[in-house]
Amino acid sequence: MKIINGKAQRYVKFLVYGCQMNVADAERMAGQLADIGYERLADDAPMEDADLLIINTCAVRETAEDKVYGKIGEIKNIKRKNPQLIFGITGCMAQKESDKLIKRAPHIDFVLGTGKVHELNAVVQEIEREHGHVVNTELDAKTAPAIAEDHRVARDGKLSAWIPIMYGCNNFCTYCIVPYVRGRERSRRPEDVVKEVEQAVAQGYKEVTLLGQNVNSYGKDHKLATFAELLKMVDKVEGIKRVRFMTSHPKDLSDEVIEAIATGEHLCEHIHLPVQYGSNHLLKVMNRVYTVESYKELVRKIRARLPQASLTTDLIVGFPGETEDDFAQMLDFLKEIRYDSAYTFIYSKRSGTPAATMDNQVADDVKKERLNALMAVQNQISLEKNQALLDSVMEVMVEGPSKNDESVWTGHTRTNKIVLFNHQDEQPGDFVNVKITHPQTWVLKGIRV
Ligand code: SAH
Ligand code: SF4
Ligand code: F3S
């Protein structure tokens, strides 16, 4: 705490794990906390500088949870030196573990569930007054809790803004914890989304990413607009330069969405379309509800209408019952689809999900072997896809100097590829054309033209 102009200035530090939804939630929590006098510390500020420490957690894989338990342990010492520190756990693990977290680590002051983000200030103020423990993780899994729209948002980035358009998930893929910790799907009203985009543009943001676990089912609850309609509305916001979205579930990516991207001026040509697996046997037990054939047909449609679009995916190896034959089909599938890039995961057992109790679990060493084989195939494809861009000129939104070398600047293409280029006079937020001279697996290197 610092005294500024006779007033106490308190500081909050967030440690954020997991997906962009958690990044967006942290920005909303920081916005609210500003109302009761907490200023957000930079991500690289030491934890010791904080009066309020919040870990916004992820529960999607065991490794994500392990990292959080490690941090909780570390914070015990900080709390011992500074007993005034308020320490809270929010996010998906808070929802999943609830009061078990405080039983395991009593130096945690509060646990706030994913449906309770809007009650953060009340909880913090209660602890400021009474120094007790608070656990508030009620989440009615069956009904859709109302969305609090009165949040202020304290955004982290300067150019790119995360805009949640819906919360929760109804899909219950058999490996996944998300529907249990985020509740049922509920969509924000289109006018609220558009208003938030307008505000972001007014604050200088050039790019927005619309977020949801499955953005294609946006509006199926309130029926005020479909996702394609929402995309068109956001595309028209005065001053917006780029519009991105994720994640798309293949089961309901509509023709209208593809058409909207093809005709929209600012809708970026990148679709993250997680397939998870490349054999019908595993897609079925994963409850993904599409087949290899219907997915391929969807990709054919996307590529016919959007030949420049990049396509990325998520893949899981080691799901229960995965056979050598499944895995061979998966590699063939990758070679046929040729994604620009893929996030690859080893299946992680999540208690409470159907897959956790399936009896044909795959051995750890087999999972690791398959992951390596999968990555080798995909990396080669990613390299070849990027090599095909040699000598092409791509529009890059300038972000700033790269981490390693101040003279080399970085930015993204509309297709979401990272580009490194020689810095001239451009500033962050400018749009420049770069000719690709050295395509690599993860980045495109080039020169400004
Ligand atoms: N809603 C998004 C992604 C949610 S989680 C979608 O449906 O695509 C992000 C990714 O984590 C998933 O796409 C999946 O590949 C991976 N994932 C989810 N649960 C997992 C588990 N139990 N083990 C390993 N990977 C998992
Ligand atoms: Fe999880 Fe499937 Fe929902 Fe994605 S669609 S969040 S993988 S249950
Ligand atoms: Fe993790 Fe929750 Fe996102 S489990 S991936 S932070 S929705």
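Glu-196 and Arg-28 meet in a salt bridge, with their closest N and O atoms 2.5 Å apart; the term is used for a side-chain nitrogen of Lys or Arg within 4 Å of a carboxyl oxygen of Asp or Glu. This pair links distant parts of the chain, since Glu-196 belongs to helix α7 (residues 190-202) and Arg-28 to helix α1 (residues 20-34), 168 residues apart. Helices (H or I, at least four residues) and strands (E, at least two) are DSSP runs, numbered from the N terminus. Both Glu-196 and Arg-28 are buried, where buried means under 20% relative accessible area, exposed means over 50%, and partly exposed lies in between (1.4 Å probe, protein chains only).

The model is a predicted one, in which local features need pLDDT of at least 70 and side-chain atom pairs count only at pLDDT 80 or more, while totals for chains, interfaces and linings use all residues. Residues are numbered from 1 along each chain as its sequence is written, chains are lettered from A and ligands numbered from 1 in the order in which they are written, and side-chain values use heavy atoms, with hydrogens and water left out.

The count of salt bridges comes to 36, and three of these pairs are set out here.

| Pair | Closest N to O distance |
|---|---|
| Glu-196 and Arg-28 | 2.5 Å |
| Asp-35 and Arg-152 | 2.7 Å |

Arg-152 is partly exposed, because its relative accessible area is 46%. Glu-196 and Arg-28 also belong to a network of salt bridges, which links them with Glu-27, Glu-149, Arg-155 and Arg-188.

Turning to the ligand, the residues around ligand 3 are Gly-18, Cys-19, Asn-22, Cys-58, Ala-59, Val-60, Cys-92, Arg-182 and Gln-213, each having a heavy atom within 4 Å of it. This shell divides into five nonpolar, three polar and one charged residue, under a scheme in which Ala, Val, Leu, Ile, Met, Phe, Trp, Tyr, Cys and Pro count as nonpolar, Asp, Glu, Lys and Arg as charged, and the others, Gly among them, as polar.

According to UniProt, in an unreviewed entry, the feature "domain: Radical SAM core" covers residues 155-384. That span is 40% helix and 16% strand, and its end C-alpha atoms lie 36 Å apart.

Val-393 is placed in strand β16 (residues 393-401), and Val-393 counts as partly exposed because its relative accessibility is 49%.

Note on methods
UniProt positions renumbered as here; feature names shortened; annotations may be inferred.
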